[in-house]
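Please keep the structure in view while reading.

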Amino acid sequence: MIGVLATGILAIIYMIYVMVAPQGEHIQGWTPRASSTLAEGTDWVFNFINYWNYLFFIGVVAAMGYFIYKFQRKSDSERTEKVEDSLAFEMFWVIFPTLLVMVVFVLGARDYMSHRVTPKNVYEIQATAFQWGWTFTYPNGGISDSLVVPANQPVRMVMTSNDVLHSFYIPDFRVKQDVIPNRFTYVWFNAPKATLKYNRPNDSTLTVSTLERRHILHCTEYCGNSHSGMDRNVQVMADADFTTWLEELTKVDESAEGGKKVFESKCQSCHSADGTPGIGPSWKGLWGSNRSVSPGGSVPADENYIRESILNPGAKVANGFPNAMTNFTGLIKDGEIKALIEYMKTLK
Amino acid sequence: MIEPGQTMPAIEHHYLNAEKGIKSWLTTVDHKRIGIMYLISVALFFAVGGLLAVFVRLELLTPGRTIMDAAMYNRVFSAHGIVMVFLFIIPSIPASLGNFLLPIMIGAKDVAFPRLNLASFYIYWAGGILGIIGMLSGAVDTGWTFYAPYSTTTTTVVWMTLAVFVAGFSSILTGLNFVVTIHKMRAPGMTWTRLPLFLWGIYATAIIQVLATPVIGITMLLLMMEKLIGIGIFDPKLGGDPVLYQHFFWFYSHPAVYIMILPAMGVVSELMATFSRQKIFGYKAIALSSMAIALVSFLVWGHHMFVAGQSEVAAIIFSAITYLVGVPTGIKVISWVGTMYKGSISLRAPMIYAQMFLFLFTIGGLTGIMLGSLNVDVHLHDTYYVVAHFHYVMMGGTVIAFLGGLHYWWPKMTGKMYNESLAKWAAGLIFIGFNVTFFTQFIMGSQGMPRRYYDYVPEYAHLHAFSTYGSWILGLGLLIAFICFIHSLFKGEQVGADPWGGTTLEWLTTSPPDAHNFKRVPLVTRNPYDYDAAYDDLLGDGMGDGASRTPTVTPTKA
């Protein structure tokens, strides 16, 4: 008896501990920092349900505990008093929860519609998901691999996938939408506050304090090996910064240095630069070598082969590797391909 | 009369020694032996699935690579899900406890189609073997949902989908057998309102099994054809629709959630009545709510797809209907708690499991309310919140009830009592370990940690580590529970017919039961939890061996 209560109490203490334990400033309470105009509505309904849940849970557990204590069997020959079913109580217990869940349903559905109806004068960004990354195309033709959005302005993402299902999720904004091949889905949000600095996620040098002012874009529909590697940084920029950034975006650095950046954002999840084989062949020593491919037997790794491999990866597949690469047509600019080739030349 | 502490003399003839040799088991048509064979099989698959879970949690102990690479991790979590869902939790209670107890509890000699019952067992194993081949030959890395077009274009899923297809037939045939048995083979006097609540749970489950399982069979068949000959149903490159796959899949798999939980609810009803020595508060409400859940379960599949690109109107309708499932579930919880009121509560291990079930299942249910809300679900969908929610329902619900039921009916099945203090230690560790493992995941999920992630950002490192430590405590608890059962087989005390003072029919026959269940067909004259009528038995010599039992069940001619 004491053991049972102790076990129960220990478990409840643990639950309270995780609920209130400090998680850094990034997280306040159950949900992450609310960073879009939609977050407030979601959190309100979340908390509304949560408080009722606490109430019901405590009610059930308290009744259980009290009955165990009060009606503990004293002897093996104990008699029990007959308890009659109470129709009135049962009817109450049908009607009251039905009304309550209908209230919860209406609250959730009403706010959901505000997620779905895009306001006028939105800033539209095209997003393409692929295994395993994202490209974002801006109205001026600039292509970016991380998501940068203007602050305090409704942004609409028009999304499609190049291969399998993906899902666009920014926890801080409370938005999520599956991304489907051969179909366009959309999601909108408005992030009022600019973020402080730009960091790549998954950077082991990040400390908790530098994490505080960043937002992460996750893929939440399982899409294969590097599903968890599709995290991208989301940066919210004030108007002037955003304009400058957008201008920079259309400029392409065609040097090996620029190629390295393109490699890190678009190629690194499958290819390495240091000889370790990934999902695709490593780039170290690739330039100028003779490649064993199918169909076709053998080709030299020159400008034509590299370009073809990027824009039509299924044409000549390196032996020993699957035909798994995404088609980068429309996701990469000619200048970037030139830069990649320059970068490849440096990987002896 | 036998003095307390003295062991009972072993019963001469029962189903375990009626025939000898391994062949007599493998060709048996006795529902009790088939139940035991299912029990051993599901325990085996539970061990496999559990071991895979340990590897999953171990990999997630730290961010980045811990013990395996991403490709291996994806295969391990997929295998964990597939084995647990299709080979363990769906058949767990109905096929093992259900098979063993259903005919006894209605006073029948066997199920309606004993040979079909044996065939179901072999079909189940055929599915199991195909699944093992699937795991060893290249392995599936799609998760247990096999979402297209990933499953049809990228990986080898044919063995595994074939396994699910075949195992589905076992489920359909078992369900069919149970429906017919309950309808046609009840003993004289066993009216529908005298049916024990465990059987109401099994009955509702059987109906879902018969109606829903063919859908997954057809879906798996389509998936195989898509993969092998490219018919273009799901793959957009061939003109198909991947969202259509999700509709097909969840049209089965949502009702399947109730295949998993309804029998567990039935078990808990039995435990609550016996260990409170009180008739179930609102018997009819529990029986009817099982049927209501079975019915509504077919209408809510779309709540798995709120962000999948279905129309807003569809999402709103599915959300509304989803909330209606919560009502019959809430009725059950209140009835169980009400049963304890003015009862005579004995905290033996099975009752501890029943209390754990109430605690954990309430959390599972209430967090389901959260996930049914459209705007909140947008945030929580495909995060660890969902992972925690279904583990609270499936493991905190079904597995805990299964363990409780197993302790409760173990003496009936084997004639031996388990070691009480060992069982309580196991229960305590399982409870603590479970909460540390999965409650942590509610927090992680609501903070935005997506599921099926090999690697994660540093914010979640602390909570992931906690969750992994919890899995070790949980694993230890389950290991002790297993040892407890094995220990009982060798060292357990002999028990009489009714060690708990239970009032349903199975406690009238010997432990272990006779090969034909009862010497004579029983005549049922009272409700299953009528402790008033059964008072004299309970107040007998306290040994519960049925020696002083007054004939509340009048024997008739066989």
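A:Arg183 and B:Asp241 form a salt bridge across the two chains, their closest N and O atoms lying 3.3 Å apart; a salt bridge here is a side-chain nitrogen of Lys or Arg within 4 Å of a carboxyl oxygen of Asp or Glu. The model is predicted, so local features need pLDDT of at least 70 and side-chain atom pairs count only at pLDDT 80 or more, while totals for chains, interfaces and linings use all residues. Residues are numbered from 1 along each chain as its sequence is written, chains are lettered from A and ligands numbered from 1 in the order in which they are written, and side-chain values use heavy atoms, without hydrogens and water.

**Interface between chain A and chain B**

- Two salt bridges are counted between chain B and chain A, and 24 residue pairs are in polar contact, both residues being at pLDDT 80 or more. A polar contact is a pair of N or O atoms within 3.5 Å; within protein, one must be able to donate a hydrogen and the other to accept it, and residues adjacent in sequence count only if both atoms are side-chain atoms.
- On the side of chain B that touches chain A, helix H11 (residues 312-340) of chain B supplies the largest share, 14 residues. Helices (H or I, at least four residues) and strands (E, at least two) are DSSP runs numbered from the N terminus.
- That side of chain B divides into 62 nonpolar, 31 polar and 14 charged residues. Ala, Val, Leu, Ile, Met, Phe, Trp, Tyr, Cys and Pro count as nonpolar, Asp, Glu, Lys and Arg as charged, and the others, Gly among them, as polar.
- Contact (heavy atoms within 4.5 Å) involves 107 residues from chain B and 96 residues from chain A.
- The two chains bury about 9,000 Å² between them, 66% of it on carbon and sulfur atoms. Buried area is the accessible area (1.4 Å probe) that two parts lose on being put together, summed over both.

**Salt bridges within chain A**

- Over all chains, the count comes to 16 salt bridges.
- A:Arg174 and A:Asp43 meet in one of them, at 2.8 Å from N to O. Because A:Arg174 lies in the loop between strands E8 (166-170) and E9 (175-179) of chain A and A:Asp43 in helix H2 (residues 39-70) of chain A, the pair ties together parts 131 residues apart in sequence.
- A:Arg174 is buried at 0% relative accessible area, and A:Asp43 is buried at 13%. Buried means under 20% relative accessible area, exposed over 50%, and partly exposed in between (1.4 Å probe, protein chains only).
- A:Lys345 and A:Glu342 form a salt bridge with closest N and O atoms 3.4 Å apart. They are three residues apart in helix H8 (residues 334-345) of chain A, which means a separation of about one helical turn. Salt bridges that share partners join A:Glu303, A:Glu342 and A:Lys345 into one network.

**Cysteines**

- The whole structure contains zero disulfides over all chains, a disulfide being a pair of cysteine sulfur atoms within 2.5 Å.
- A:Cys219 is in no disulfide, and its nearest cysteine sulfur, that of A:Cys223, is 4.0 Å away.
- A:Cys219 is buried at 0% relative accessibility, and A:Cys223 is also buried at 0%.

**Two buried residues of chain B**

- B:Met370 lies in helix H12 (residues 349-372) of chain B and is buried, at 0%. Beyond four places in sequence, its contacts include A:Phe46, A:Ile49 and B:Tyr385.
- B:Thr274, in helix H9 (residues 242-276) of chain B, is buried at 2%. Leaving aside neighbours within four places, B:Thr274 is in contact with residues including A:Arg73, B:Tyr408 and B:Trp500.
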